[in-house]
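Visitor: Could you take me on a close look at one part of this model, the nonpolar core, and then show me what lies around it?

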Amino acid sequence: MKSFDAVVVGLGAMGSAALYHLARRGARVAGFDTYTPPHALGSSHGETRMIREAYYEDTRYVPLLQRAYELWHETTREAGNELIVETGAVYAGPPNAELIAGILRAGKDHNIAINELSGSTLSIGAPWLRVPDNMVAVAEARGGYLHPERCIESHLRLAANMGAEIHTGEPVVHWEAAGDSVVVETKRERYGAARLVLSPGAGITDWLAGADVRTTVTRQPMFWFEPGPNAASLRTVFAIQIDEQRLLYGFPDLGGGVKTSIHYGGTATTWESIDRTIDFAEAKETAELCERYLPGVHGKVMRAVVCMYTNTADFHFLIDAHPAHQNVLLVSACSGHGFKFASAIGEAASQWALDGAPKLDLSLFSLDRLRSRP
Ligand SMILES: Cc1cc2nc3c(=O)[nH]c(=O)nc-3n(C[C@H](O)[C@H](O)[C@H](O)COP(=O)(O)OP(=O)(O)OC[C@H]3O[C@@H](n4cnc5c(N)ncnc54)[C@H](O)[C@@H]3O)c2cc1C
C-alpha cells in the first residue's frame with residue numbers, strides 16, 4: 001500500500017489549498033476527488049466569490065482573513081494568473097442590523113477604515129445604489145472578488161509541480177484511523193497516511209457519523225442579468241441587508257452580465273439529491289430586489305446556475321480534529337462564506353498536519369460548540 005505524510009479528500013476550495021500548502025512544505029501528499037476540479041458540481045463555481053475585510057459575521061475572523069489576502073496575492077504572483085481583484089465594497093442596510101453594525105464593529109476592532117456614504121459621497125462612490133430612508137450605506141477599500149475556478153486550478157497545478165499526487169475521478173468510499181495512521185480507500189485502491197484532511201464540501205455530511213454534529217446543505221441559485229443602462233457605474237462588489245437573515249449581493253459585470261444572488265434562504269437539499277436544473281422564473285425575487293435597490297443596473301436574467309451551501313447550526317465554519325481521531329482534520333462546513341478564507345485555511349491545515357497545530361487561532365470553528373447545541 002502506498003503511503004503519504006498526508007492525504008487530502010476533496011480538492012475544491014479548501015482541499016486544493018491544503019494540498020498546495022502541504023506540498024510547499026515538502027510533505028509527501030496525495031489528494032483525491034470524485035470529479036476533476038475545478039468543476040460545477042460542488043460549492044466553488046460561478047466565476048466570482050466576494051472577499052471582504054471588515055467581517056460582519058464576527059470580528060474574530062479578521063486575522064485569518066488578513067492572512068488569506070496575503071496568500072491570495074502571493075499565489076497570484078506564483079501562479080502567474082489573476083486570482084484576486086480588490087474593487088472596494090459597498091454595503092447598505094439598517095444601521096443597527098447585523099450587516100452594518102458588524103462591519104462597523106470589525107472596522108473599529110481591527111482599525112479598518114469604513115467610510116459612510118451619503119449625499120455627494122454616495123453619488124460619487126455608489127451612483128448605482130438607491131438607499132431607502134431606513135438604511136445607511138458604507139464602503140471599505142479592500143472588498144473585492146476572487147476567481148474561484150482559477151484559484152483551485154492554480155493551487156492544484158502548483159501542488160502537482162511540487163510533487164503532490166492528484167487523483168481525480170477517484171472518490172474516497174471509506175477511511176479508517178487506527179493509532180497514528182489512517183487508511184483511505186477508493187474504488188481503485190487503498191492508501192496509507194499519517195494525517196488525513198477531510199475537505200469534501202457538502203459531502204462532509206456523509207463523514208460526520210459518530211461526531212455528533214449536524215450540518216445542512218442548501219440549494220443556492222446564482223443569476224447573471226443583462227447589463228442595464230447604469231451597469232457600467234457599478235464597479236465594486238456590494239451587499240444589501242434585505243431582511244434579518246438575508247443579503248442581496250453582487251459583482252460588477254465582468255463581460256458575462258451582472259451576477260447577483262441572495263445570501264441564505266436556499267431550500268434544503270443533499271449533496272446526492274440536489275436539483276441542478278433551474279428555471280429563470282426563480283430569479284423573480286432577486287430581479288425585484290435589484291430594481292428596488294439598484295435601478296437600471298440589471299436587465300433580463302440571462303444565465304442561472306445552482307450551487308450548494310453546507311451550513312453549521314451557527315453558520316460559522318467547522319474546522320477541527322475529528323473527535324475520535326486526532327490525526328483526522330475536518331475542514332467543512334463553510335456555511336456559504338468560506339471561499340475567501342481558503343488560502344489561509346489551506347495553510348492552517350498544513351500546519352495542523354505537519355506541526356501539530358495551526359498558527360492562527362481557529363477556536364471559533366471548533367466542533368465542541370456545535371455538539372453542545374440542541
Ligand atoms: C452561490 C454561492 C455563493 C458563494 N459566495 C461566496 C462569496 O461570495 N464569498 C465566499 O467567501 N464564499 C462564498 N461561498 C461559499 C464558498 O464558495 C464555499 O464555502 C467554498 O467554496 C466551499 O469549499 P469546499 O472546499 O468546502 O467545497 P467544494 O469546493 O465543493 O469542494 C469539495 C470537493 O470534495 C469533493 N468530494 C466530495 N466527496 C468526496 C469523496 N467522497 N471523495 C473524493 N472527493 C470528494 C467534491 O467533488 C468537491 O470537489 C458561496 C457559495 C455558493 C454556493
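Guide: Of the 113 residues in the largest nonpolar core, Val 7, Leu 19 and Tyr 91 touch the most other members. A nonpolar core here is a set of buried Ala, Val, Leu, Ile, Met, Phe, Trp, Tyr and Cys residues joined through C-beta atoms within 7 Å. A residue is buried if 20 or more other C-beta atoms lie within 10 Å of its own, exposed if 12 or fewer, and partly exposed in between, with C-beta atoms placed from the backbone. Helix 1 gives the most to this core, eight residues. The core also draws at least three residues from each of domain 1 (2-46 + 148-211 + 314-371) and domain 2 (89-141 + 216-311); such bounds come from an automatic or database domain assignment. Helices (H or I, at least four residues) and strands (E, at least two) are DSSP runs, numbered from the N terminus.

Before going further, please keep in mind that this is a predicted model, in which local features need pLDDT of at least 70 and side-chain atom pairs count only at pLDDT 80 or more, while totals for chains, interfaces and linings use all residues. Residues are numbered from 1 along each chain as its sequence is written.

Let's start with Val 7. Leaving aside residues up to four places away in sequence, Val 7 touches Ala 30, Val 182, Val 184, Tyr 191, Ala 193 and Leu 196; two residues are in contact if their C-beta atoms, placed from the backbone, lie within 7 Å. Several of these partners lead us to a run of paired strands, where pairing requires that DSSP finds at least two bridges between two strands. Strand 10 (residues 172-178) and strand 11 (residues 181-186) pair in the antiparallel sense over six bridges, and Val 172 stands opposite Thr 186 in strand 11. The two form a hairpin with two residues between them, and Gly 179 in the turn has a positive phi of about 60 degrees. Strand 11 then pairs with strand 12 (residues 190-198), again in the antiparallel sense, over four bridges. Here Glu 185 stands opposite Arg 190 in strand 12, and the hairpin has three residues between its strands.

Now to the domains themselves. The C-alpha centres of domain 1 and domain 2 lie 30 Å apart, and 16 residues of domain 1 are in contact with 13 residues of domain 2. On the side of domain 1 that touches domain 2, the residues divide into six nonpolar, ten polar and no charged. In this scheme Ala, Val, Leu, Ile, Met, Phe, Trp, Tyr, Cys and Pro count as nonpolar, Asp, Glu, Lys and Arg as charged, and the others, Gly among them, as polar.

The shell has 37 residues, and the closest are Gly 10, Gly 12, Gly 42, Gly 201 and Gly 338; a residue is near a molecule if its C-beta atom, placed from the backbone, lies within 6 Å of it. Helix 1 (13-24) returns here, as one of the elements that give two or more residues to the shell, with strand 3, strand 13 (216-227) and strand 18 (298-311). By class, the shell has 17 nonpolar, 17 polar and three charged residues.

Strand 4 and strand 8 (residues 144-146) pair over two bridges, with Val 85 opposite Tyr 145 in strand 8.

Finally, some backbone details. Most residues other than glycine have a negative phi, and most peptide bonds are trans. A cis peptide bond joins Pro 37 and Pro 38, with omega about 0 degrees, and Pro 38 sits in the loop between strand 2 (29-32) and strand 3. Another cis peptide bond joins Ser 332 and Ala 333, with omega about 10 degrees. Ala 333 is in the loop between strand 20 (325-331) and helix 7 (342-355). Ser 335 is found in the loop between strand 20 and helix 7 and has a positive phi of about 50 degrees, although it is not a glycine. Ser 335 is buried, with 22 other C-beta atoms within 10 Å.
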